Amino acid sequence: MKIRRMLAGWLLAASGVMVADVRPIHAAPIVPGTGQKVDAVGDDFEDPEWAYIPNNPKSSIDLDKVSRLPAGRSSNGRWRENLDRGHPDIVKRVPTPEGGLAGSEWSLLMASKATGIPGHPTRKGEQDDLFLNVNPRLGHYVPVSQGPSIVTRVYLAPFEEWEERTGSSFAMRATLRGSKPDKNETEPYWPGIFVNYKRPADRRKNEAAASWVVRASNPGGDYRVAPINEAGWWTLGMSFTGDGMVHYYIRQGVDDLTSSDRVASQHPYNFQALYFIDVFYDIFGSNDNQHWTTGWIIDDPAVYLANPPRVQHANRAQRKPR
């Protein structure tokens, strides 16, 4: 069954990748998925009681300074609405598309029609965010010395089912806190792996419909790391190492990531990462209140620690850095 039928109906997703050259790094990267899985964080969507409670209208602090509480959340406490821009209009447990992880029967669909201020279509690109709770579940920021990483399986629908809009369509991102060489204070920043799409009218001859894009280079710009040539399941990963670097991994299919899947290693925006805080997923759309975004399906997002502390206090709050 096509997701577009279930979205306006719904939607599904599709694509393909070749790894770009990797810039030299200063410490050994960590393959995402290495070490101990953090059971308090992540989701497999298999619980038949799983539900998302939107508590609409959604928030849009970043756009109009208005929070519309109570915020949206999942019934299991593992997901929450982003108050800055709000959650996707559809956050729904759906059957896992063919070719997914062995044993997976259910995944998560995200899509939107109104990606900006509720009731105020702008007809320009806007985004919704859905947060996977890490800091709220653990009660503390995770030092990068513990080698945290995130792994997510993402399903890309056939290109004919994508929203006919050139620009970003999806992203998996992390909230980090770090420092810059010329500053004494720490600040949050948000690196990630994006999917950018070009509608047929904007493509050059033989150009791929979509691309994997990394945020960000050391100066701060997004850059393309590979074309996407095939639909289906892909595995995305990001890891954070003690030297403050962010490492990005992309693999076709649902097999575990390996060292050969690394597509980039960076100090985004010239930050040195100190703490890993949260994971979130972006859905981008035209915000015309008429056309649905591309429907994005994810499965089994999980957080790992390559160097876990000897004694874990998953539910005890710790002092946050300032």
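How do the residues of the lining of the second largest pocket divide into nonpolar, polar and charged? Six are nonpolar, one is polar and seven are charged. Here Ala, Val, Leu, Ile, Met, Phe, Trp, Tyr, Cys and Pro count as nonpolar, Asp, Glu, Lys and Arg as charged, and the others, Gly among them, as polar.

This is a predicted model: local features need pLDDT of at least 70, side-chain atom pairs count only at pLDDT 80 or more, and totals for chains, interfaces and linings use all residues. Residues are numbered from 1 along each chain as its sequence is written, and side-chain values use heavy atoms, without hydrogens and water.

**Stop 1: the second largest pocket**

Select Lys37, Gly42, Asp43, Asp44 and Pro301. Of the 14 lining residues, these lie nearest the centre. A pocket is an open set of points on a 1 Å grid over the protein atoms alone, with protein on both sides within 12 Å along at least five of seven lines; lining residues have an atom within 4 Å of a point. The volume is about 210 Å³, meaning the space filled by probe spheres set on the points, which are joined across faces, edges and corners. Now colour strand E19 (296-305). E19 gives the largest share of this lining, four residues. Strands (E, at least two residues) are DSSP runs, numbered from the N terminus, as are helices (H or I, at least four).

**Stop 2: the largest pocket**

Go to Asp84, Phe131, Thr175, Pro188 and Trp190, the closest to the centre among 18 lining residues. The volume is about 370 Å³. Strands E7 (126-132), E10 (167-179) and E18 (272-285) and helix H3 (135-138) each supply at least two lining residues.

**Stop 3: the largest cavity**

Select its lining, including Trp162, Arg165, Tyr197 and Phe284. A cavity is a set of points where a 1.4 Å probe fits but cannot get out. This one holds about 40 Å³ of space.
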